[in-house]
Amino acid sequence: MKYREGRSLIKTGDLLALKHKRGWIWALVRIITRSEYTHTATAVWLEEGLYAAEMSWSGNHLIPVSQYEVDFDVYTPPVGPRPQLAEAIYQRLRTRVPYGFIDLLWIVLYNLLHFKLPRDRGGLICSALSALIYKDVGWVPRGMPHIPSPAALIRALNAVPRIRVTRG
């Protein structure tokens, strides 16, 4: 469904799983993780606006979901209720968190060579931020690596998308 049709169906706490199709970095992510998902974010409504709490190269921040120019799937959060998810999102955004560039290397080693992943030590990638928001509300994922890729987070949800949004 088109974004304008699905926007009102997206709820605070929903996981947004993005599918970038262009760019060599996104191609590497798809190849290494064997998944169409290249990025995740967590939806949050603020007044009348729908935003995504996410990690980018510059750190944690909010972005209007309307600015996404790629297709994405929407997953129901593994925990609730929604007001607690909103508070967990706000807590995770109150302090600047740097992007976890080293975590990208760990994910490559884990996916290609089956290295054991260390515990996260500071910086985060997109899917780690989403996972921490859910863990803050009580989610205990099974079989998910300490530093999850977008694909690993989706697998740990063990769910199917509730909404498929197309931007074309």
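Reader: How many salt bridges does the structure hold?
Author: The structure holds seven salt bridges, each defined as a side-chain nitrogen of Lys or Arg within 4 Å of a carboxyl oxygen of Asp or Glu. This is a predicted model, in which local features need pLDDT of at least 70, side-chain atom pairs count only at pLDDT 80 or more, and totals for chains, interfaces and linings use all residues. Residues are numbered from 1 along each chain as its sequence is written, and side-chain values use heavy atoms, with hydrogens and water left out.
Reader: Which residues are linked in a network of salt bridges?
Author: The network links Lys19, Glu36, Asp73 and Arg164. Asp73 pairs with Arg164 at 2.9 Å, N to O. Because Asp73 lies in strand β5 and Arg164 in strand β6 (residues 163–165), this pair ties together parts that are 91 residues apart in sequence. Strands (E, at least two residues) and helices (H or I, at least four) are DSSP runs, numbered from the N terminus.
Reader: Is Asp73 buried or exposed?
Author: Asp73 is buried, with a relative accessible area of 0%. Buried means under 20% relative accessible area, exposed over 50%, and partly exposed in between (1.4 Å probe, protein chains only). Arg164 is partly exposed at 45%.
Reader: Turning to helix α5, why is it largely enclosed?
Author: Eight of the 11 residues of α5 (residues 126–136) are buried, so the rest of the structure largely encloses this helix. Among the buried residues are Cys126, Leu129 and Tyr134.
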